[in-house]
Amino acid sequence: MHHGVLFELFLILTAAVIAVPLAHRLRANSIIGFLIGGFCIGPFGFGLINERQDIATVAELGVVFLLFMIGLELSRERLRVIGGRFAVLGLFQIGVSMAVLFAGLAVLGFSVPSAVVIAGALALSSTAIILKQLSDDRQLHTKFGRAALAILLIQDVAVGPFLIMVQAAGDAGTETSPWVSILTGIGAVCVLLLVGRYLLPRLFRYIALLKNPELFAIGTLFVVLAASTLTEVAGLSMALGAFIAGVMLAETEFRHQIEADITPFRGVFLSLFFMSVGMSVNADIVFTQFGTIVIWLIALIGTKTALLFVLALMARFEKGSALRVGMSLAAGGEFAFVMLALAAQNGAIAPDLVAVMIPVVALSMALTPTLMTVGQRIEEKLHPKEDDQLGPIETETEGFQQHVLVIGCGRVGRVLARLLKTRNIPYVVIDSDALQVSRGRAEGLPVYFADGSRPETFRAAHTDEAKIAVVALGNPHATEKAVALLRHYYPHLKIFARAQDITHIGPLSRSGADAAIPEVLETGLRLSDHVLAACDVPQEEIDAEIAKFRRADMLLMNELAPRTQRRKAEAAGSAKPASGSGPKTPKAKKDGK
């Protein structure tokens, strides 16, 4: 039975609503959920959609918006984070990976166009998955995080040349010389850059003067589709035109508004693209060539890990860190689907080969979080830097009693530390973000680089002698974990935690916090004070209203916070023997302590 396009879109969105939450529960990326959902409803799954042509046309817009957003992110502000050493590492990663993969494919008998496209597609990594994992683990500001971000940005910059390369590889089998195609593409790109350099900023300034948000969004869509159409007419891909348009607009003052306007369209169309890719996964080929797919997968991860390991060592990384870089960036990325789809359309790669490559890339992407976690554990095993940092904490806090342990040196933690300092109250601040530690040290605060979710860190900070612990982390899950560990090991402690909002109070209280303070409460009250004063409300009435609101809010927080566990903890604290509880410190207590 033939379905209309709208019904097919309904089926796709239904599959996405089911598959993506399941992928999240399995700790997989949304892209994996889209691929699985597309496979299930596609011709090789349950067969709900057998004709992909209509969906493929709409899904192509997903590629266009993906490339536009990548270009939009390549501003000088973002590229500035790439140091010279990391930029060289990123360039060598792409070049060496492509060369080695191309040589291996040529030995296996692949044609030059197919080998070039496959080597380029597999040389790139998944920006979406890796950056999300780094952000969740709060690793973006570490040395490894900066190196990974730099390599991924270099890969994003390489998207434009790669698209031209795919186009030239498709033209290699025609009467047109590949060099002519390359020169034609470069000429079209130069014309587009000149038009964008002088006309686009003026166009958006004119639209901005009209102060019409709808027209601004329409103008953004017009620029994306116009640039895509121009490159398509010139014989290049639509995605390349969208990428160039994004790069041109990245340096304008309208970048953030454009990004906000385009994000909803990009999300919808991009989900359609990945669902379309999932529909193209041929189950028969996967089953009949499962061994081949596994061999490809092992070869891809093994080759890229080894190459990146060697390159990172040359960039003066330690062995553990170099291996972590290699494992984290070893898998394929979402742009491989784009390159393979374009190559199949212009005849650079046979469809059967693409059907084998797609599950290889998808499986490697699914393994990316696991590879990153294993790489981090290997690095910590080979180079226990965290333990090296515990020595100064234990030595410099020797003799501290009834002090305050502050976990987190962000804006909240630094304010608290400065107030404790003015009252001469002993305190220790720890944070696992090197950038925050540097900022705190620059302000003269006793901040130490250490993981606030490890018992070893608590022992080094003499937490068994502390009076109060304050968890001021910005990550809600990390906050709950730190609170639970502190309550487990140190029942006598009073624990105060920074809550994300009022709904976060319950989980923190159940984890063992004596009090959880929503970070937005006092900010809102102080802002209200200024606003009411500007509205000519008498100050005594403002103070009364704010006090009444604060009392009502505290009553609500008390209702949300279960007290049973805290009372048990206080009872355990009162029954605590004089020698203290919690993990044993490595050295004996002094007699005077």
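Select Arg414, Arg418 and Glu443: a network of salt bridges links these residues. A salt bridge here is a side-chain nitrogen of Lys or Arg within 4 Å of a carboxyl oxygen of Asp or Glu. The model is predicted, so local features need pLDDT of at least 70 and side-chain atom pairs count only at pLDDT 80 or more, while totals for chains, interfaces and linings use all residues. Residues are numbered from 1 along each chain as its sequence is written, and side-chain values use heavy atoms, with hydrogens and water left out.

**Stop 1: Arg414 and Glu443**

Keep Arg414 and Glu443 selected; their closest N and O atoms are 3.4 Å apart. Helices (H or I, at least four residues) and strands (E, at least two) are DSSP runs, numbered from the N terminus. Is Arg414 buried or exposed? Arg414 is buried, with a relative accessible area of 13%, whereas Glu443 is partly exposed at 35%. Buried means under 20% relative accessible area, exposed over 50%, and partly exposed in between (1.4 Å probe, protein chains only).

**Stop 2: Asp514 and Arg487**

Next, select Asp514 and Arg487, a salt bridge with its closest N and O atoms 2.8 Å apart. Asp514 is in the loop between α26 (505-511) and β6 (515-518), and Arg487 is in helix α25 (residues 476-489), so parts 27 residues apart in sequence are tied together. Asp514 is buried at 11% relative accessibility, and Arg487 is buried at 8%.

**Stop 3: α17 and α20**

Now select helix α17 (residues 319-328) and helix α20 (residues 368-382), whose axes come within 8 Å and cross at roughly 175°. The axes are lines fitted to C-alpha atoms, for helices over the stretch in contact, and angles run from 0 to 180 degrees between N-to-C directions. Residues in this contact (heavy atoms within 4.5 Å) include Leu323 and Met327 of α17 and Leu371 and Ile378 of α20.

Finally, select Glu379 and Arg324, whose side chains meet in a salt bridge of 2.7 Å, N to O. This pair links distant parts of the chain, with Glu379 in helix α20 and Arg324 in helix α17, 55 residues apart. Glu379 is buried, with a relative accessible area of 10%, and Arg324 is buried at 5%.

How many salt bridges does a search of the whole structure find? The search finds four.
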